[in-house]
Amino acid sequence: MIIVEVLRVAPASGSENLPTQTLLLPLTFFDLLWLRLPPVERVFFYEFPHPTTLFFNTLLPKLKRSLSLALGYFFPLAGHLTWPLDSNKPIIKYNTGDTVSLTVAESDADFNYLAGSNLCEATQSHHLVPHLIISHEQATVLALQVTLFPNSGFSIGITSHHAVLDGKTSTSFIKSWAYLCSRLGESESESESPFCLPPELSPFYDREMIKDNNEIEAKYVSNWLKQGGPNNRSFMVWDLQLPEEAIRGLFQLSRSDIEKLKQSVVSKQKGNLHLSTFVLSIAYAWVCRVKAEEIQNRRVIMALNIDCRSRLEPPLPPTYFGNCIGARLTVCETRELLGEDGLIVAVEALSAALGTLKDGVLSGAENWSSWLIDGFATDVKTIGAAGSPKFDVYNCDFGWGRPKKVEMASIDRTGAFCLSDSKNGDGVEISLVSKKEAMEAFASLFVKGLLQS
């Protein structure tokens, strides 16, 4: 890969949303939960079977201009995280003139292979995502990379600090960038300027709506200060290592597949279960993975991320900028997941965990950071679920068509599943990273299980 140039893109001057002076945006307990977690990395692949000159003369200028316009709305992304000595918690600081790094690169790798659904080495997409600049004292929030595959396609890599934005906010930013890019060149005589974001994409910044009646924030800050402490105010993120021979796989469950799984569960269990696409997809992938990886731990925990925006009191708008993720854990005996009714066991456990939402989405929130930082007993294997089909990532069209593939590159270090909508609009996609033998076994089990259901 060749780095063509590294650009610094500032929020568009004159934007009515842009602060005219330094702005300090405090972190909430939802943000603090992720303070030292590794950045989230995603790659969007787009077909572009055109000459290189068209990319550099037409596409790239539009991407740069629309990025500047989008940052006019999402200006905190150009700032950085810092922890002032007189502050009891970290903040996002934006100064006039702050910029986002946009790396422009050219790759001779096989675009169709990287953008395909075949099993491949997890590291093969690493060169498509940029790095954040993180020190003990501060951290950049966002970095972007556009990589051209001549006469084939291009990719957009986004690396974001998890203490600033969750998957919903990150996706909203990409959609806003795409929305503005696709409208560049339209006549400005239209009733509405093509440079204005619609309400469903415009970020909402009011932190005061998040109530912390149980002093959750203080507990999280205390836990982070003790981790590597005492009084450890560092922003250095955890250095999670890649498993040996890590292989990335992408699998699809069509609507028909999901209906088969549902009927299979219903035929054996008449209880009041939560048989949503999300639950059935996670349950099926969970069982396949436990079998494929031959997990030896006595119990397995599945950690679910819950969007809390609509569940808080008062509820937050869907466009709230920042993290607003809650957690629910479900624990199963490994032997039960390996048994004949493993799918039912998993569905029952997930249904029970989601059922606790009726007690309030923040029920147990005071323990979330302890779970994350301290982990669990050695006889427990923890697997997470990242992403969501509701993000609708395949709807990010910059004006040259929908993505051919969207990949969360960072799951190779976290070990989580990633769920998303599917590129053909039928069902969901599930991606994961595991060792070669386990991944091949997972692929086989995934297909056989659907044939038998």
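In the predicted model, the lining of the largest cavity receives at least two residues from each of the strands β15 (405-408), β16 (417-421) and β17 (428-435). This cavity has a volume of about 100 Å³ and is one of 3 cavities of 30 Å³ or more in the structure. Its lining comprises 14 residues, with Val406, Met408, Cys418, Leu419 and Ser420 nearest the centre. Classified by residue type, the lining contains 7 nonpolar, 4 polar and 3 charged residues.

The second largest cavity has a volume of about 70 Å³. Its lining consists of Asn118, Cys120, Arg248, Gly249, Leu250, Lys405, Val406, Glu407, Met408 and Ser431. Two or more of these residues come from each of β11 (246-253) and β15, and β15 provides the largest share, with 4 residues. The lining divides into 4 nonpolar, 3 polar and 3 charged residues.

At least two lining residues are contributed by each of the helices α6 (255-268), α7 (277-292), α9 (342-355) and α12 (436-452). The lining of this pocket is made up of 8 nonpolar, 6 polar and 5 charged residues.

Key. Residues numbered from 1 in each chain as written. Predicted model: local features only at pLDDT ≥ 70, side-chain atom pairs only at ≥ 80, totals over all residues. Heavy atoms only, no water. Nonpolar A, V, L, I, M, F, W, Y, C, P; charged D, E, K, R; others polar. 1 Å grid on protein atoms, 1.4 Å probe; cavity = no way out; pocket = protein on both sides within 12 Å on 5 of 7 lines; lining within 4 Å. Points joined across faces, edges and corners; volume = space filled by probe spheres on them.
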